[in-house]
Amino acid sequence: MSAPEKRERARDLDAEQEIDLGRLWRATIARWWLLLIGFVAGAIIGLLVSLGGGKQWKATTEIYLGQPLSPTSSSAISSPPTSLGLATTFVNSETALRYAAVHSGQPTARLRGKISVKPILGLTGTKIGQPAPLMLLSVTGSKAGKTQHAADLLGRLVVDQFLPYADQTITVLQQNVDRDKAQLADVNRRLKQFETAQAALVTSSGNAQAVANYNFLIGAAADQRLGLQNDESSSLQQIAAAQNIEQARIVSPALAVNQGGPSRRSGVVIGAIIGFVLGLLAAVFGEPVAKQVRSHQTTT
């Protein structure tokens, strides 16, 4: 092919491209409403998709299982309330699942397999040591409020399961405190009577023996009061230890956190873009395809 023929062929190709682009542009302008419909429909579909699915929520509560102390030495003792294995088994029991499901307003099947328990480990030296009586209880679900409520319910169940020992200890100690207070009130009443009677006898020199007897009674009552006060103080300290060390409790309540999934804004934007592109394709290629279909129908 000669050089003039090549230049002529190139000009023909450029002209064809300009004609095609012009035809596409005119088709797009003529059917602009397809682009608008695709844009709006895509945005709506994207919004519905972002609202309806994909999101997962995780609610985690921190639980202190309690650390029972020996009644005689106040040293820690091993017992079921500090067993993380027992707590894990209990949380995943059918009884606990059904209770949490019913009171959080969701099917039991939605919670089954969605509960995880992990110990919070303590550090000893340079390595991770034995698990402390602390655990993280997590529930995963598609509804933030129900997931959070279920985690709180299960955490409360765990605490209630491991409370009896500390509660009984506190009950006994509180009874001791109440008894000490009643006896202290009686001792203070008698002590005041002794002091009043002694003061009336001091003015008379002939009552020296009686005054001495009252001194003995007052001293004995004072010693008894001191012993009761020490016993009450000791019981109050043991109650504080039972409440803060031995007693199980929720350290931090559950809070649902989004674990991912399409956001509402991104769903709308992506849907609108896809709808716009589909509308553009329909506007550009809709008429040629329709012509081919009509032509085929006419020939047949």
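**Exercise 1. Determine how the end-to-end reach of helix α8 compares with the span expected at 1.5 Å a residue.**

Solution. In this predicted model, helix α8 contains 39 residues. The distance from its first C-alpha to its last is 55 Å, which is close to the 57 Å expected at 1.5 Å a residue.

**Exercise 2. Describe how α7 and α8 are arranged, and decide whether they are roughly parallel or roughly antiparallel.**

Solution. Two packed helices are described by the angle between their axes and by the distance between those axes. For α7 and α8 the angle is about 160°, and the axes are 8 Å apart. Angles over 145 degrees count as roughly antiparallel, and the two helices are therefore roughly antiparallel to each other. The crossing in which α7 passes α8 is left-handed. As for composition, the residues of the contact of α7 with α8 comprise 23 nonpolar, 12 polar and 8 charged.

**Exercise 3. Identify which residues of α7 and of α8 are buried, and what the buried residues of α7 pack against.**

Solution. Begin with α7, whose buried residues are A166, I170, L173, N176, V177, D180, L184, V187, L191, F194 and Q198. These buried residues pack against α8, which covers residues 208-246. Turning to α8, the buried residues there are V211, I218, A221, L228, E232, S235, I239, A242 and E246, and what covers them includes α7.

**Exercise 4. Find out why S235 counts as buried, and which residues S235 touches beyond four places away in sequence.**

Solution. S235 is located in helix α8. Buried means under 20% relative accessible area, and S235 counts as buried because its relative accessibility is 3%. Leaving aside residues up to four places away in sequence, S235 touches L173, N176, V177 and D180; L173, N176, V177 and D180 are also among the buried residues of α7. Although S235 and D180 are 55 residues apart along the chain, their C-alpha atoms are separated by 9.5 Å.

Key
Residues are numbered from 1 along each chain as its sequence is written. This is a predicted model: local features need pLDDT of at least 70, side-chain atom pairs count only at pLDDT 80 or more; totals for chains, interfaces and linings use all residues. Side-chain values use heavy atoms; hydrogens and water are left out. Buried means under 20% relative accessible area, exposed over 50%, partly exposed in between (1.4 Å probe, protein chains only). Helices (H or I, at least four residues) and strands (E, at least two) are DSSP runs, numbered from the N terminus. Contact means heavy atoms within 4.5 Å. Axes are lines fitted to C-alpha atoms, for helices over the stretch in contact, and angles run from 0 to 180 degrees between N-to-C directions. Angles under 35 degrees count as roughly parallel, over 145 as roughly antiparallel, 65 to 115 as roughly perpendicular and the rest as oblique. A crossing is left-handed if the near helix is turned anticlockwise from the far one by less than a right angle, and right-handed if clockwise. Ala, Val, Leu, Ile, Met, Phe, Trp, Tyr, Cys and Pro count as nonpolar, Asp, Glu, Lys and Arg as charged, and the others, Gly among them, as polar. The expected span of a helix is 1.5 Å times one less than its number of residues.
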